[in-house]
Amino acid sequence: MKEIMNLTKCDFNNCLNDFCSLIKLKIDLGNLDECLELVKDKMKEYPHSPVPHNLLGILMEIRGNHELAMKHFRAAWELDPCYEPASKNLENLAIYGTNKKYIFS
């Protein structure tokens, strides 16, 4: 936990951006179960970050669970209303029903 406290905001964001890239790559490779476990672990590690909720929303949408996807996009948005990926994914899902273009970071 001390390592997280010593991270600058820029380092913290870079860490999560790298994580988003990793999840996107694994989704593209079809490793959804592995992604789900990684995102859940990251959610435990960063409980106040919108990033894991946004990623979980993407995974739920890919799996066809629109309601749970919306809940996670909303949770991400509530954690940080300025976090654009969550608000864009929430907006796209609300407008278009199923979102085929996801915003990761």
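Predicted model: local features only at pLDDT ≥ 70, side-chain atom pairs only at ≥ 80, totals over all residues.
Residues are numbered from 1 along each chain as its sequence is written. Local features need pLDDT of at least 70 and side-chain atom pairs pLDDT 80 or more, while totals for chains, interfaces and linings use all residues, and side-chain values use heavy atoms, without hydrogens and water.

**Exercise 1. State how many helices and strands the chain has, and give its pattern.**

Step 1. Helices (H or I, at least four residues) and strands (E, at least two) are DSSP runs, numbered from the N terminus.
Step 2. The chain has 6 helices and 0 strands.
Step 3. Along the sequence this reads α-α-α-α-α-α.

**Exercise 2. Describe how helix 4 packs on helix 5.**

Step 1. Two packed helices are described by the angle between their axes and the distance between the axes. Axes are lines fitted to C-alpha atoms, for helices over the stretch in contact, with angles from 0 to 180 degrees between N-to-C directions.
Step 2. Helix 4 (residues 50-62) and helix 5 (residues 66-79) have axes that come within 8 Å and cross at roughly 165°. Helix 4 is therefore roughly antiparallel to helix 5 (parallel is under 35 degrees, antiparallel over 145, perpendicular 65 to 115, the rest oblique).
Step 3. The crossing is left-handed, that is, the near helix is turned anticlockwise from the far one by less than a right angle.
Step 4. Contact means heavy atoms within 4.5 Å. Residues of helix 4 that meet helix 5 include His53, Leu56 and Met60, and those on the helix 5 side include Ala69, His72 and Phe73.
Step 5. By class, this contact has 10 nonpolar, 5 polar and 1 charged residues. Ala, Val, Leu, Ile, Met, Phe, Trp, Tyr, Cys and Pro count as nonpolar, Asp, Glu, Lys and Arg as charged, and the others, Gly among them, as polar.

**Exercise 3. Repeat the analysis for helix 3 and helix 4.**

Step 1. The axes of helix 3 (residues 32-45) and helix 4 come within 9 Å and cross at roughly 155°.
Step 2. The two helices are therefore roughly antiparallel to each other, and helix 3 passes helix 4 in a left-handed crossing.
Step 3. Helix 3 contributes Leu32, Cys35, Leu36, Val39, Lys42 and Met43; helix 4 contributes residues including Pro52, Leu55 and Leu59.
Step 4. The contact divides into 11 nonpolar, 1 polar and 1 charged residues.
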